[in-house]
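Take a look at the chain below. The text then walks through its fold, its cores and a few individual residues.

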Amino acid sequence: MKTAIFPGSFDPITNGHFDIINRARLIFDQVIILVLTNIDKQMMFSFNERANMISLVVDKFSNVKVDVYNGLLADYLREMKDVVVVKGVRSVLDFQYEFEMASINKKLNLKFDTLFFPAYGDNVFVSSTLIKQIISFNGDISGMVPEQIKSMVMKK
Ligand code: PNS
């Protein structure tokens, strides 16, 4: 069984993330969305809030699961077989960062590889960071996050 692990901070999940999940679930037998800590980013939502929002959105997909881990991605994957990591890339800047992450992860754990999915259309400019800015000033995030979580995100 081929499993795709989609790691990220998902603070919160965006339509861009959702698009990657939707594409990956058609290619792989199973997709695990892994909520991790990004020490470079100030989180707005707790681990549980982030995982719960994702669960609400992917509930309808039988081959998609959500997990949380407070550690290195390379360690989470240590005992797993037949897995690849999937990440979305929106720009050359994203690619530069993701390329470095893929390389260091490969160094830490030689067993797995990283596949990149290009972002398309409006998702090219959607990011969790921009969404947090918009909600901080009561702006409209319609079309940027899945409808099921919009009110939860706005309440923050
Ligand atoms: O959605 P993000 O914030 O771009 O995701 C980044 C994330 C969470 C995948 C990355 O920070 C991460 O892998 N964090 C866990 C610690 C780790 O394994 N870091 C990579 C080796 S230094």
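A residue counts as buried when its relative accessible area is under 20%, as exposed when that area is over 50%, and as partly exposed in between. Ala119 has a relative accessible area of 18%, so Ala119 is buried. Keep in mind that this is a predicted model.

Stay with Ala119 for a moment. Ala119 sits in the loop between strand E5 (113–118) and H5. Leaving out residues up to four places away in sequence, Ala119 touches Val89, Arg90 and Val124. Ile20 is 99 residues from Ala119 in sequence, yet the two C-alpha atoms are 7.8 Å apart in space.

Now step back to the whole chain. The protein chain holds six helices and five strands. Follow the sequence and the pattern reads β-α-β-α-β-α-β-α-β-α-α.

What box do the C-alpha atoms fill? Along the principal axes, the box is roughly 45 × 35 × 30 Å. The radius of gyration is 15 Å, which agrees with the value near 15 Å for a compact globule, because the chain has 156 residues. Of those 156 residues, 46% count as buried.

Turn to the interior. In soluble globular proteins, nonpolar side chains tend to be buried together. In this model, the largest nonpolar core has 31 residues. Which of them touch the most other members? They are Ile33, Val58 and Val153. Several elements give two or more residues to this core: strands E1 (3–8), E2 (30–35) and E4 (83–89), along with helices H1 (15–27), H2 (47–58), H5 (128–136) and H6 (147–155). H2 gives the most, with five residues. Val58 shows how the core is joined up. Setting aside residues up to four places away in sequence, Val58 touches Ile21, Ile33, Val64 and Val66.

There is also a second, separate core, of 11 residues. Leu73, Tyr76, Val83 and Val85 are among them. Leu73 lies in helix H3 (residues 73–76). Is Leu73 buried or exposed? Its relative accessibility is 9%, so Leu73 counts as buried. Beyond its neighbours within four places in sequence, Leu73 is in contact with Ile5, Pro7, Leu34, Leu36, Val85 and Asn105. Asn15 is another matter: 58 residues separate it from Leu73 along the chain, and their C-alpha atoms are separated by 23 Å.

Arg23 lies in helix H1. Its relative accessible area is 19%, so Arg23 is buried. Apart from neighbours within four places in sequence, Arg23 is in contact with Phe117, Pro118 and Tyr120.

The backbone has some points to check as well. Start in the loop between E1 and H1, where Pro12 is placed. Asp11 and Pro12 are joined by a cis peptide bond, with omega about 5°. Phe10 is found in the loop between E1 and H1 too. Phe10 has a positive phi of about 45°, although it is not a glycine. What is the relative accessible area of Phe10? It is 2%, so Phe10 is buried.

Asp82 is another residue other than glycine with a positive phi, in this case near 55°. Asp82 is found in the loop between H3 and E4. With a relative accessible area of 42%, Asp82 is partly exposed.

End the tour at Ser142, in the loop between H5 and H6. Ser142 has a relative accessible area of 34%, so it is partly exposed. Gln96 is 46 residues from Ser142 in sequence, and the two are 29 Å apart in space, C-alpha to C-alpha.

Notes
Residues are numbered from 1 along each chain as its sequence is written. This is a predicted model: local features need pLDDT of at least 70, side-chain atom pairs count only at pLDDT 80 or more; totals for chains, interfaces and linings use all residues. Side-chain values use heavy atoms; hydrogens and water are left out. A nonpolar core is a set of buried Ala, Val, Leu, Ile, Met, Phe, Trp, Tyr and Cys residues joined through side-chain atoms within 4.5 Å. Buried means under 20% relative accessible area, exposed over 50%, partly exposed in between (1.4 Å probe, protein chains only). Helices (H or I, at least four residues) and strands (E, at least two) are DSSP runs, numbered from the N terminus. Contact means heavy atoms within 4.5 Å. The radius of gyration is taken over C-alpha atoms; the globule rule is 2.2 Å times the number of residues to the power 0.38.
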